[in-house]
Amino acid sequence: MNKNQNNKVQFQKIKVMVIEDHRPICDSLMDIINGTEGLECTGAFNSVEDALIQVEKNLPDVMLMDIGLPGMSGIEGIILIKSRYPSVDILMHTVYDDDEKIFQSICNGASGYVLKNAETAELINAINEVKTGAPMSASIARRLLNVIRTKENIKSGKLNLTAREFDIVKCLVDGLSYKGIAEKLFISPLTVQSHIKHIYEKLHVHSKSAVVSKVLRFNLFR
């Protein structure tokens with residue numbers, strides 16, 4: 001690659017598309033993006049449906065998208081957008097400081113999450129970081145972990161299983177042997193047998209296949 005090509009890559013702007021139905025916020029975002037070196041707003045739309053009609057004409061690098069949109073919600077839109085344009089990074093921009101909505105957004109394919117009351121510098125950093133492949137922020141990662149732990153606790157609580165028993169049940173569903181479970185969980189085979197005995201008693205079953213059948217009926221792993 002020659003020097004001119006290097007300069008072209010170095011100064012290439014990040015193209016950002018805004019999906020926001022509140023006009024003043026939309027206008028403000030466009031001004032911030034176009035007024036920031038290295039960023040360029042390629043379009044602004046008030047719904048996912050409208051954006052999808054135009055997106056192919058000028059494919060963005062990043063979509064800055066609200067959650068509460070008319071028609072299809074932002075969380076629903078993530079799945080559709082990522083299925084059609086997997087290279088586009090989606091950054092959720094919303095008033096919802098809600099762990100469950102963060103969890104749903106990330107699970108659906110969003111690359112990041114920034115609140116509407118964030119400072120301008122924080123918004124710009126979020127756009128730059130999501131496009132440069134920076135890992136998820138520590139604060140978002142902690143919140144996602146809390147949601148996951150809560151969901152696991154709810155699932156295991158359906159059948160009155162402890163966290164360790166639930167881990168073993170997951171291993172049984174994956175088809176692991178007692179030895180395989182012991183190695184994966186770093187416990188002895190005797191400890192595995194003891195846990196499985198208690199699992200049998202709690203689930204009122206007498207075999208590994210019966211355990212798997214029962215937990216699948218409870219949809220514990222969906």
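Trainee: How many helices and strands does the secondary structure of the chain contain?

Mentor: The model is a predicted one, and its chain comprises eleven helices and five strands. Of its 222 residues, 37% count as buried. The chain exposes about 12,600 Å², of which carbon and sulfur atoms supply 52%.

Trainee: Among contacts between residues at least 6 apart in sequence, what percentage join residues at least 24 apart?

Mentor: The share is 63%.

Trainee: In what order do the five strands form the sheet, and is the pairing parallel or antiparallel?

Mentor: As a general idea, strands of a sheet pair through backbone hydrogen bonds, in either a parallel or an antiparallel manner. Here the order is β2-β1-β3-β4-β5, the sheet is open, and the pairing is parallel. β2 (39-45) and β5 (112-115) are the edge strands, each pairing on one side only. From one strand to the next, the twist averages 25 degrees.

Trainee: Which residues are bridge partners within this sheet?

Mentor: Begin with V16, whose bridge partner in β2 is C41 and whose bridge partner in β3 is V62. β1 and β2 are joined by six bridges, while four bridges join β1 to β3. V62 has D89 as its partner in β4, and L64 has L91.

Trainee: Which residues of β3 and β4 are buried on each side?

Mentor: In β3, V62 and L64 are buried on one side, and M63 and M65 are buried on the other. β4 is likewise covered on both faces: D89, L91 and H93 lie on one side, I90, M92 and T94 on the other, and all are buried. Because six of the six residues of β4 are buried, this strand is largely enclosed by the rest of the structure.

Trainee: Which helix lies across the strands β1, β2, β3, β4 and β5?

Mentor: Helix α6 (residues 120-131) lies across these five strands, and its direction is at about 160 degrees to that of β4.

Trainee: Which residues have the most contacts inside the largest nonpolar core?

Mentor: The general idea is that in soluble globular proteins nonpolar side chains tend to be buried together. In this chain the largest nonpolar core has 22 residues, and those with the most contacts inside it are M63, M65, I81, I90 and M92. At least two residues of this core come from each of β1 (14-19), α3 (48-54), β3 (62-65), α4 (74-84), β4 (89-94) and α5. Apart from this core lies another, of 18 residues, among them I181, V192, Y200 and L203.

Trainee: With which residues is M63 in contact, leaving aside neighbours within four places in sequence?

Mentor: The contacts of M63 are with M17, I19, V55, I81, V88, D89, I90 and L91.

Trainee: Which residues of helix α5 are buried, and why do they line one face of the helix?

Mentor: In α5 (residues 99-108), the buried residues are I102, F103, S105 and I106. Viewed down the axis of α5, these buried residues fall within an arc of 165 degrees, and therefore line one face of the helix.

Trainee: What follows α5 in the chain?

Mentor: G109 follows α5, and its phi is positive, near 125 degrees.

How values were computed:
Residues numbered from 1 in each chain as written. Predicted model: local features only at pLDDT ≥ 70, side-chain atom pairs only at ≥ 80, totals over all residues. Heavy atoms only, no water. Buried < 20%, exposed > 50% of the residue type's maximum accessible area, 1.4 Å probe, protein only. Arc of directions from axis to C-beta. Contact = heavy atoms within 4.5 Å. Areas by Shrake-Rupley, 256 points an atom, 1.4 Å probe, with all protein chains shown as cover. Core = buried A, V, L, I, M, F, W, Y, C linked by side-chain atoms within 4.5 Å. Pairing = 2+ DSSP bridges. Axes fitted to C-alpha atoms, helices over the stretch in contact; angles between N-to-C directions.
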